[in-house]
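The sequence and the structure come first.

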Amino acid sequence: MINRIVYTSFLLGASFASTEAQVSTPPNIELILCDDMGFSDLGCYGSEIQTPNIDRLAENGVRFSLFKNTGRSCPSRAALLTGHYQHEAGMGWMTAVDEHRPGYRGHITKNIPTIAEVMKANGYSTYMSGKWHVTVDGAFDTPNGSYPAQRGFDKYYGCLSGGGSYYTPTPVYSNTDRITTFPDDFYYTTAITDSAVSFIRSHPADVPMFMYLAHYAPHRPLQAPKERVEACRQRYKVGYDVLRQQRFDRQKKMGLMNTGDTLPIHQKEFEGGRPAWTSLTPEQQEAWITEMATYAAMIEIMDDGIVEVIAATNEKGLYEITVFLFLSDNGSTDEGGFIAQLLADLN
């Protein structure tokens with residue numbers, strides 16, 4: 001059996017089956033990438049956010065506690081997809097513009113193969129569902145050779161851009177066909193899951209599979225169905241100071257931190273730092289509770305989808321020869337978030 005991998009900022013690792021099994025049966029690989037999720041935002045890394053399905057992968061696999069990323073979304077993705085430093089791959093900055101100079105083209109350079117192209121050349125069927133974010137923004141209307149279906153993926157469903165609405169994402173493509181209409185109950189995280197499940201179910205079981213499942217969640221904007229947000233609200237009413245300490249204490253019990261470690265000095269003691277929870281007005285506290293409950297709901301919806309992907313893999317008879325890897329493109333972000341606005345108000 002090929003055990004599962006879990007992550008940390010994030011990567012979960014796996015142990016493999018016997019040497020004989022490895023030689024006779026190439027493993028299927030399901031690479032799951034989330035977006036802007038913090039180091040401690042999974043249950044198996046100390047969080048109060050409920051991620052039982054990712055946690056189950058961790059329990060049967062390996063959790064890593066050190067992982068390199070570029071600190072930004074598309075450079076991390078370019079490095080992940082090619083195995084090269086982001087500047088070598090042409091993605092030294094973001095996809096916002098092609099600067100027409102080496103290292104800053106806004107898309108993956110054509111002379112470096114993607115992991116999908118390498119896997120495909122070695123007999124794998126290759127699938128992707130979700131966020132691409134390695135095509136320059138100006139090429140979203142017409143395929144320019146850098147779309148997923150043009151860079152090694154047999155089937156693709158998802159959005160090319162780096163972020164946007166979970167209810168009306170744009171531009172969404174099925175292979176190289178643009179999708180412009182969505183059902184009334186559309187939610188992007190669910191759609192990403194559904195497409196991945198459909199790819200697995202139609203996959204020929206006698207061919208090795210590479211699946212790249214790339215979620216938006218929990219990237220801003222913070223959006224989730226109201227009932228899912230309400231289900232998470234109660235746990236955040238104690239405030240971020242208490243939750244920060246609780247997460248850290250759980251991490252020490254898990255062995256992710258040394259037992260003698262202590263949290264850094266509270267940020268409120270630094271000029272411009274985060275204020276104590278008790279110093280906030282009731283309105284400010286309520287705003288943070290809502291944001292965190294929404295953020296948690298987004299991760300929990302993603303976790304719900306991961307068990308569907310695992311179930312589809314099992315139904316296909318592939319679970320025992322599949323490696324699952326889960327990681328985040330970078331850590332959590334406060335871009336335009338609550339704390340940034342709060343500090344602006346205080347100043």
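Contact, as used below, means heavy atoms within 4.5 Å. The structure is a predicted model, and every value given here was computed from that model.

## Overall make-up

The protein has 347 residues, of which 52% are buried. Its secondary structure amounts to nine helices and ten strands. Among contacts between residues at least 6 apart in sequence, 74% join residues at least 24 apart.

## Nonpolar cores

The largest nonpolar core holds 58 residues. Met37, Tyr188, Tyr236, Trp288, Ile306 and Phe326 have the most contacts inside this core. Helix H8, residues 282–315, supplies the largest share of the core, with 15 residues.

Ile306 is one of the residues with the most contacts inside the largest core. With neighbours within four places in sequence set aside, Ile306 touches Ile32, Ile54, Leu57 and Phe326.

Helix H5 covers residues 188–202. At 1.5 Å a residue, its 15 residues should span 21 Å, and the C-alpha atoms at its ends are 21 Å apart, so the two values agree. The buried residues of H5 are Tyr188, Thr189, Ala191, Ile192, Thr193, Ser195, Ala196, Val197, Phe199 and Ile200. Their cover includes the strands S3 (28–34), S5 (125–130), S6 (155–159) and S9 (209–214), together with helix H8.

The axes of H5 and H8 cross at roughly 5 degrees and come within 9 Å. With angles under 35 degrees counted as roughly parallel, H5 and H8 are therefore roughly parallel to each other. On the H5 side, the contact involves Thr189, Thr190, Thr193, Asp194, Ala196, Val197, Ile200 and Arg201. On the H8 side, these meet Ile301, Met302, Gly305, Glu308, Val309, Ala312, Thr313 and Glu315. By class, the residues of this contact are seven nonpolar, five polar and four charged.

Thr313, in helix H8, has 0% relative accessibility and therefore counts as buried. Beyond its neighbours within four places in sequence, Thr313 is in contact with Glu30, Ile200, Leu318, Tyr319, Thr322 and Phe324.

## Helix H2 against H8

H8 also packs against helix H2, residues 52–59, at an angle of about 55 degrees and with the axes 7 Å apart. H2 and H8 are therefore oblique to each other. From H2, the contact draws on Pro52, Asn53, Ile54 and Leu57. From H8, it draws on Asp303, Asp304, Ile306, Val307 and Ile310. The contact of H2 with H8 is made up of six nonpolar residues, one polar residue and two charged residues.

Helix H3 covers residues 73–82, and eight of its ten residues are buried, so H3 is largely enclosed by the rest of the structure. The buried residues are Ser73, Cys74, Pro75, Ser76, Arg77, Ala78, Leu81 and Thr82. They pack against strand S3, helix H4 (115–121) and strand S9. Gly83 follows H3 and has a positive phi, near 80 degrees.

Tyr104 lies in the loop between H3 and H4. At 22% relative accessibility, Tyr104 counts as partly exposed, because the partly exposed class lies between the buried limit of under 20% and the exposed limit of over 50%. Leaving aside neighbours within four places in sequence, the contacts of Tyr104 are His87, Gly90, Gly92, Trp93, Val97, Asp98 and Glu99. Glu88 is 16 residues from Tyr104 in sequence, and their C-alpha atoms are 9.2 Å apart in space.

## Ala214 in strand S9

Ala214 is part of strand S9. Its relative accessibility is 0%, so Ala214 counts as buried. Setting aside neighbours within four places in sequence, Ala214 is in contact with Leu33, Arg77, Met128, Ser129, Gly130, Lys131 and Ile192. Of these, Arg77 is among the buried residues of H3, and Ile192 is among the buried residues of H5.

Ala214 and Trp132 are 82 residues apart in sequence, while their C-alpha atoms are 7.5 Å apart in space.

Notes. Residues are numbered from 1 along each chain as its sequence is written. This is a predicted model: local features need pLDDT of at least 70, side-chain atom pairs count only at pLDDT 80 or more; totals for chains, interfaces and linings use all residues. Side-chain values use heavy atoms; hydrogens and water are left out. A nonpolar core is a set of buried Ala, Val, Leu, Ile, Met, Phe, Trp, Tyr and Cys residues joined through side-chain atoms within 4.5 Å. Buried means under 20% relative accessible area, exposed over 50%, partly exposed in between (1.4 Å probe, protein chains only). Helices (H or I, at least four residues) and strands (E, at least two) are DSSP runs, numbered from the N terminus. The expected span of a helix is 1.5 Å times one less than its number of residues. Axes are lines fitted to C-alpha atoms, for helices over the stretch in contact, and angles run from 0 to 180 degrees between N-to-C directions. Angles under 35 degrees count as roughly parallel, over 145 as roughly antiparallel, 65 to 115 as roughly perpendicular and the rest as oblique. Ala, Val, Leu, Ile, Met, Phe, Trp, Tyr, Cys and Pro count as nonpolar, Asp, Glu, Lys and Arg as charged, and the others, Gly among them, as polar.
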